[in-house]
Amino acid sequence: MCWLGAMTLLLWAGLGLAQDYPFRDPTLPWEQRLDDLIGRLTLGELVLQMARGGAKYNGPAPPIERLGIKPYNWNTECLRGDGEAPGWATAFPQALGLAASFSPELIHRVANATATEVRAKHNYFMSTGNYGDHTGLSCFSPVLNIMRHPLWGRNQETYGEDPFLSAELAVAFVQGLQGDHPRYVKASAGCKHFSVHGGPENVPVSRLSFDAKVSVTLPGDAQGGEGPLAQESVPAGGPLPHSTGHKRCPTDPTGLLHTSNRPTPATGHVQYPRVPKAGASQLTGAGSSCSGTDLETEENDRRDLSLPGRQQELLQDAVAWATGHPVILLLFNAGPLDVGWAQAHHGVGAILACFFPAQATGIAIIKVLLGEEGASPAGRLPATWPAGMDQVPAMENYTMEGRTYRYYGPWAPLYPFGYGLSYTTFLYRDLVLSPTALPLCANLSVSVVVENTGQRDGEEVVQLYLRWAQPSVPVPRWQLVGFRRVPIAAGRAAKLLFLVTYGQRAIWAEQWQLEPGAFTLFVGGQQPGQETRANSEVLQAEFTVTGTTQPLSRC
């Protein structure tokens, strides 16, 4: 972090100074400029630059006038837009809702639009001498930690419970936020947090005092387990021309979890609202009941999976009152909820997971419910929804046993990771692995054909899962190793190609290593072997790896 801080100092060094310094010369290499700048700082200046510049009264970091360095505030939040900074900003869905898109391309566009607004507002703040909270270019985003417990108060900040999905989306966010200029960045990404993050915020104990119980029996701590989540380095930052425009990115913040019949859109005509409740009330011939949860957030965990207060009673009353009319249940939440009653009741026509959404939520929901062109639901859950509290382990225990789909155990969840319904149907066929026998350090090529067999255009999220046959150490029961969100027109088919790298077969045995043996690859629109499932098959094929166990680093 020290070198990143020094780079930020370079951004502010020396406008209007009569004396030139090497660190102010943009033609010199970054390393040379950094060495020169650091060598000119006193110990006291170094301490203040590292200790100040944080949130609220801790910032900004003080100026160093003799070097032309202005004040700077590090505390900028960019995870769902630049909404914390003064002034207007585009509000995007929170990270967990964005993760439900299973679309790195969407994450990249959201991050890039956010960076444009961060940079433009920052330029304006600096021109007016405003160095307050959320005025800098240093974003406290993205969050790399996985969602390791369903009741944690900060689940909405993550990209879900899978390390591979989180890595792919985090890389897309970093690249989108920082831009593609070979020298300068639009805004600076700050990947967080440290390991052993994701424990209690306030339930059952305070995060300031609890004693974490950490197990090394299974490979997987709060950071995600199966290796580094994102290996992207954060390049040095620099000024860009002032930008006032932004590209509004379409989002799919919703996941269709349940319909009482075959998934089809509702009927009706509405004037597009921006408020979800107003939109739902305009649906013709349908009752509406909007239930969510307490504001789960930093310093506020949930105590159980239940709808809070009397919301379960409210839902039941709404269903009873709306006899003969379908009730559409909209869930605005981060962590999973126990909606088993709604799932089983014929009076609930549909359940839609909306997560913590954005400014155009009302429009998005109505378009999905009415099935307007281009609005077929394709969100997939980025985390497992337990069927009850008996499936929820203690939050303060950091073992991965019983946590996430990778180590979930024998129980059937209410909704599995990767689950979501569509208004159309998909057929998987012609799965080919090449080669079916490969050496230890070779990659596996995969091809599969996905056909839209329904009457509507739609998007499918193709998911690849790897299973080890006889590993020498505990591993996940299976692990996501590939995914792609692909649009397919009704009656059309798409042949998709994937590459499963040898590194994705690595196991942790005091070091990352590769082992020979038999493996199974599953390909479909969901996990294999789930009780709650979409109406499509999951194909599987076997392959073998030959050779002798060796460290991953030797490949």
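Visitor: Before we start, what does "buried" mean here?
Guide: A residue is buried when its relative accessible area is under 20%. Keep in mind that this is a predicted model.

Visitor: I keep looking at Gln-526. Where is it found?
Guide: Gln-526 is in the loop between β13 (517-524) and β14 (538-546).

Visitor: And why does Gln-526 count as buried?
Guide: Because its relative accessibility is 3%, and the cut-off for buried is under 20%.

Visitor: What does Gln-526 touch?
Guide: Leaving out residues up to four places away in sequence, Gln-526 touches Gly-418, Gln-463, Tyr-465, Arg-533, Ala-534, Ser-536 and Val-538. There's also Tyr-419, which is 107 residues away along the chain, yet the two C-alpha atoms are separated by 5.8 Å.

Visitor: Let's zoom out. How many helices and strands are there?
Guide: The secondary structure comes to 10 helices and 15 strands.

Visitor: New topic: how many residues does the largest nonpolar core have?
Guide: It has 39 residues, and among those with the most contacts inside it are Leu-257, Leu-329, Trp-385 and Tyr-415. β1 (255-259), α8 (311-321), β3 (327-332), β4 (348-353) and α10 (361-370) each give at least two residues to this core. The largest share, six residues, comes from β3.

Visitor: What is Leu-257 in contact with?
Guide: Setting aside neighbours within four places in sequence, its contacts are Gln-343, Ile-351, Ala-353, Leu-381, Trp-385, Tyr-415, Tyr-419 and Leu-421. Another core, of 38 residues, lies apart from the largest one, and Ala-113, Leu-480, Phe-483 and Phe-522 are among its members.

Visitor: Last one: of contacts between residues at least 6 apart in sequence, what share joins residues at least 24 apart?
Guide: For this protein, that share is 75%.

How values were computed: Residues are numbered from 1 along each chain as its sequence is written. This is a predicted model: local features need pLDDT of at least 70, side-chain atom pairs count only at pLDDT 80 or more; totals for chains, interfaces and linings use all residues. Side-chain values use heavy atoms; hydrogens and water are left out. A nonpolar core is a set of buried Ala, Val, Leu, Ile, Met, Phe, Trp, Tyr and Cys residues joined through side-chain atoms within 4.5 Å. Buried means under 20% relative accessible area, exposed over 50%, partly exposed in between (1.4 Å probe, protein chains only). Helices (H or I, at least four residues) and strands (E, at least two) are DSSP runs, numbered from the N terminus. Contact means heavy atoms within 4.5 Å.
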